Protein chains: 2
Amino acid sequence: MAIAVILGSGVMGSALAVPLADNGHDVRLVGTHLDRAIIDAIRATGVHPGLNRELPASVRAYQLEELEGVIEDAEIVLSGVNSVGVEWAAERLAPLLRPGQLVITIAKGVRADEIGDLRTLPEVLAEPVPADVRERVGWAAIIGPSIAGEVAARRDSCVVFCGRDQSVVDRLAAAFRTDWYHVWTTLDFVGGEICAAAKNCYALGIGFAEGQLERGGEAAGPDRAHNYEAALFAQSAVEIRQWASLLGGDPDTASWLPGVGDLYVTSTGGRNVRAGNLLGAGLSFIEAAERLGNPTLEGASAITVFGDALGKLTDRGVVAEDDFPLMRHLYEVVGLQRPLNIPWTRFFGGEPTGRVASA
Amino acid sequence: MAIAVILGSGVMGSALAVPLADNGHDVRLVGTHLDRAIIDAIRATGVHPGLNRELPASVRAYQLEELEGVIEDAEIVLSGVNSVGVEWAAERLAPLLRPGQLVITIAKGVRADEIGDLRTLPEVLAEPVPADVRERVGWAAIIGPSIAGEVAARRDSCVVFCGRDQSVVDRLAAAFRTDWYHVWTTLDFVGGEICAAAKNCYALGIGFAEGQLERGGEAAGPDRAHNYEAALFAQSAVEIRQWASLLGGDPDTASWLPGVGDLYVTSTGGRNVRAGNLLGAGLSFIEAAERLGNPTLEGASAITVFGDALGKLTDRGVVAEDDFPLMRHLYEVVGLQRPLNIPWTRFFGGEPTGRVASA
């Protein structure tokens, strides 16, 4: 039995308490400063209000002030904050982590420096940790298709734990793995993480299709725009492979759970896809975000990072101008407020130009 | 301007008259013996009853008896029958084709011989054509995500024309390409065709997810089984790459429009997915097919071909026993009437077995 601390009691962090508790581990779920009401509710009722489901009785919930007291003897530390909170979590965890602990993260996003070089979130999380501790902590991340509510409901889910050290990901996988929470591992840490970040961007784009139907007054008709979605899905799959390669990862990481699997599940719904719907219907990104109540849109945030970095990487000759046409256009629409106009002919290396028409 | 004959006036064949007609070509839509009522309706009203949409006025519709008269001076012959009708179409076309004609097919399926070797449908179509003509006809096929109703509605669609001769696929692509019907080309004829056949099988499997929810009494709840679907999608993507390799094609053909793109669109609905739903809900394949009125289920048919061939190929040592676990199980369920029990741990090369639990 291991002691596992989860920092962040949002839906995903909390859902991951379920396989850990099912395996008999001592699970300590610690809320952030934004999670006070969630922790209070769990303590009072056992029910997580976001998941709308009872957590296993063995899971104990703590407020942030209690973190220091419960993390010291933990073997596993799960950073359950989303991509917006990673720097915050890094500052909280840095003075508390101890050599030998295993740290696993779920945030999906990316950061860029001023010349466009990209950094994955586990790197951001590790940054403020003192070097001697950092080197003796086992770092890992969870990637692959995983909707929190379905994990909490113990529905079959297949995920991948990525890291740099096989024994680290093996130990973590063994702690989480159940009959319904299926865990594979990969040492392509950077490739896996960049897949996770990029797919949020592309899922937003797939949302354009239904919005475009609405704009064309065809939303009520029997025919959808699945061909449009599928073409964006395929171009997304191609570009995710290229992102993995660009960062020195394995492009094939994009061709199973971490890439096309996660892109598939993310495209089925959620706020990012709804933002895409509104953009497809003709709203500007600012209008779309307002319409949704200005929520955290991880895909949109990542688009601005990837898109801005792409400009710089192109200027530096690191990527070719013809590469990543879809991400470039997502950035034009989301980051630069330009009208939506999918560059179909630039997809898949460029559509051949021959056309024989008598018109 | 080219003369194009389309044999088979089902929804897909007929939809492809739209880009051809938009480009000003002389389009002759010829019904099969099963299409008499469709042809009568188009002649009387201009509306295709299956598409529920008016075809371009320049498209002329013919009954099967008129085929010989209209095909002789055609530059392009499109075989618009589905996979069930390919042998029939081959017999019809064999005595009528002439050297120099371009023949393009849309059927998605596969055939196997008695030792399990697989044959693509363009090969089946070409078989009865006299050798001297066969060698001087340009053979090609349309692959990639393409729902007929959306093509007929002139919605953006991205497809791939595959063949063995670049000038053949280029000439065909140039005849069909419009501002909304986007056409790429590939010379991976066998890889492209096997992607097209295999994705119908896997899309049926993705339908299991919703059925399983229903069976578990959870269909009305807020949480779906998208993680389950996404894991099947990812394993499908992996196996489609392997099918392409096994037949001597390029695995990367599976990683864009012909593979993951087409799998995505096929998974959004249709009879195959509905059959999968019913299997997921616990019906046997015979019961599910009956419930649907015993329609043509191209995915189910292809599963029986692939699955039976897999057994023989495994016996011969051509494929390893651990390969294609999902297709093997689809065959067990659809072909052998065995209960549904997804072999999650055999996916992605096998789930590592470590598990630390105190339970």
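A:Gly269 is partly exposed, with 14 other C-beta atoms within 10 Å, where a residue counts as buried if 20 or more other C-beta atoms lie within 10 Å of its own, as exposed if 12 or fewer do, and as partly exposed in between, C-beta atoms being placed from the backbone. In this predicted model, local features need pLDDT of at least 70 and side-chain atom pairs count only at pLDDT 80 or more, whereas totals for chains, interfaces and linings use all residues. Residues are numbered from 1 along each chain as its sequence is written, and chains are lettered from A and ligands numbered from 1 in the order in which they are written. A:Gly269 is found in the loop between α13 and α14 of chain A, helices (H or I, at least four residues) and strands (E, at least two) being DSSP runs numbered from the N terminus. Between A:Gly269 and A:Ala203, which are 66 residues apart in sequence, the C-alpha to C-alpha separation in space is 8.6 Å.

Helix α14 of chain A, residues 271–280, has eight of its ten residues buried, so it is largely enclosed by the rest of the structure. The buried residues of α14(A) include A:Asn272, A:Val273, A:Leu278 and A:Leu279, and the buried residues of this helix pack against α10 (189–206), α11 (208–215), α13, α15 (285–291), α16 (298–315) and α17 (325–334) of chain A. After α14(A) comes A:Gly282, with a positive phi near 110°.

Helix α12 of chain A (residues 226–246) has 21 residues and reaches 30 Å from its first C-alpha to its last, close to the 30 Å expected at 1.5 Å a residue, the expected span being 1.5 Å times one less than the number of residues. Of the 21 residues of α12(A), 19 are buried, so this helix is largely enclosed by the rest of the structure. A:Gly248, whose phi is positive and near 85°, follows α12(A).

The domain assignment of chain A gives domain 1 (3–187) and domain 2 (196–349), with bounds that come from an automatic or database domain assignment. The C-alpha centres of the two domains of chain A lie 27 Å apart, and 20 residues of domain 1 are in contact with 22 residues of domain 2, a contact requiring that the C-beta atoms of two residues, placed from the backbone, lie within 7 Å. On the side of domain 1 of chain A that touches domain 2, at least two residues are supplied by each of β8 (110–112), β11 (157–163) and β12 (181–186). That side of domain 1 divides into twelve nonpolar, six polar and two charged residues, with Ala, Val, Leu, Ile, Met, Phe, Trp, Tyr, Cys and Pro counted as nonpolar, Asp, Glu, Lys and Arg as charged, and the others, Gly among them, as polar.

The contact between the chains takes 56 residues from chain A and 55 residues from chain B. Two or more residues of the side of chain A that touches chain B are given by each of α8 (148–152), β11, α9 (166–176), β12, α12 and α13 (257–267) of chain A, and α12(A) provides the largest share, eleven residues. By class, this side of chain A has 30 nonpolar, 15 polar and eleven charged residues. Chain A can be laid on chain B with an RMSD of 0.0 Å by a turn of 180° and a shift of 0.0 Å along the axis, which is the relation of a two-fold axis; the superposition is by least squares on the C-alpha atoms of residues with pLDDT of at least 70 in both copies. A:Ser255 comes closest to the rotation axis of the residues of chain A, at 3.5 Å (C-alpha). As 98% of the interface residues of chain A are also interface residues in chain B, the copies meet through the same surface.

In the largest nonpolar core, of 264 residues, A:Leu172, A:Phe306 and B:Leu172 touch the most other members, a nonpolar core being a set of buried Ala, Val, Leu, Ile, Met, Phe, Trp, Tyr and Cys residues joined through C-beta atoms within 7 Å. Neighbours within four places in sequence set aside, A:Leu172 is in contact with A:Ile76, A:Leu102, A:Ile104, A:Ala140 and A:Phe161.

Although not a glycine, A:Phe348 has a positive phi of about 50°. A:Phe348 is placed in the segment after α17 of chain A and is buried, with 21 other C-beta atoms within 10 Å.
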